[in-house]
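Dear colleague,

I am passing on the structure below, and I would be grateful if you could read the notes that follow it with the coordinates open beside them.

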Amino acid sequence: MDCLVTGKGGVFCTLNGHDGSKLWQFSEDNTQPSNKASSAEPLMNMYSARFIHDINGDGALDILAVQTLDSLGKETGVTLSGRILLVSGAEGRLLQTVATPMDQESYFCPQILVRPDGEELVVLGTGGYNSPGGLYVVPLLALGNAGEVKVLYQDQFKGVLSPAVLADINQDGSEDIIVATFNASVLAFDGLTFKLLWNYTFQQPSETFR
Ligand SMILES: [Ca+2]
Ligand SMILES: [Ca+2]
């Protein structure tokens, strides 16, 4: 098994799990021609990435990643926006980039919820310590289709930073989604209907981010 490494300043590479040698270092230039127009930005901090199943059919696991870019506008100052990346695990080639819902920044490690019929859904949290965010699901194979995004939760002040836990808590055979928001609530959603199963909100000022 190879190791996926991400971090500050554009660190995004894989290492050979046997000897630690570098397999590839991600580069924005290492893209398919059709993606070049959408990948002109420099690679910024990359905290959240994971292996997923082989998307492009080359026999190697691929990678789903989320990152937040900052841009400087004359009047707006620094604005942060998030994007989702699909990257080939074999050679680090960018397969697809998609903006996060409402371009919200994201520090959430995306997760894959597998439904009983085998459909894979991306579970994504957005928002930061002091910026609006939410919890969303979208079919992995419909990542670029904004109409397929389902909104489970939104907070106009604070985001969802901690990874969700996927577990079947109502014992219907399908994994559910349990997440702690930065704004002091723990929420559980049915993985089939996406309806809220329960919500516990801490009364004392508290925050969850890791
Ligand atoms: Ca692959
Ligand atoms: Ca369930």
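A residue is called buried here if 20 or more other C-beta atoms lie within 10 Å of its own, exposed if 12 or fewer, and partly exposed in between, with the C-beta atoms placed from the backbone. Please keep in mind that this is a predicted model, in which local features need pLDDT of at least 70 and side-chain atom pairs count only at pLDDT 80 or more, while totals for chains, interfaces and linings use all residues. Residues are numbered from 1 along each chain as its sequence is written, and chains are lettered from A and ligands numbered from 1 in the order in which they are written.

As to the overall picture, the protein has zero helices and 15 strands, where helices (H or I, at least four residues) and strands (E, at least two) are DSSP runs numbered from the N terminus. Of its 210 residues, 31% count as buried. If a contact is taken as two C-beta atoms, placed from the backbone, within 7 Å, then 43% of the contacts between residues at least 6 apart in sequence join residues at least 24 apart.

Two strands are said to pair if DSSP finds at least two bridges between them. By that criterion, strand 6 (residues 77–87) pairs with strand 7 in the antiparallel sense over five bridges, and Ile84 has Val98 of strand 7 as its bridge partner. The two strands form a hairpin with six residues between them, and Gly92 in the turn has a positive phi of about 75°.

Phi of Asp103 is near 60°, a positive value in a residue other than glycine, whereas most residues other than glycine have a negative phi. Asp103 counts as partly exposed because it has 15 C-beta neighbours inside 10 Å.

Further along, four strands form an open antiparallel sheet in the order 12-13-14-15. Strand 12 (165–167) and strand 15 (196–201) stand at its edges with a single partner strand each, so one side of each is left without a neighbour in the sheet. Strand 14 and strand 15 pair over five bridges, and Leu187 is bridged to Asn199 in strand 15.

In the loop between strand 13 (176–180) and strand 14 (185–189) lies Ala184, which has a positive phi of about 70° although it is not a glycine. Ala184 is partly exposed, with 16 other C-beta atoms within 10 Å.
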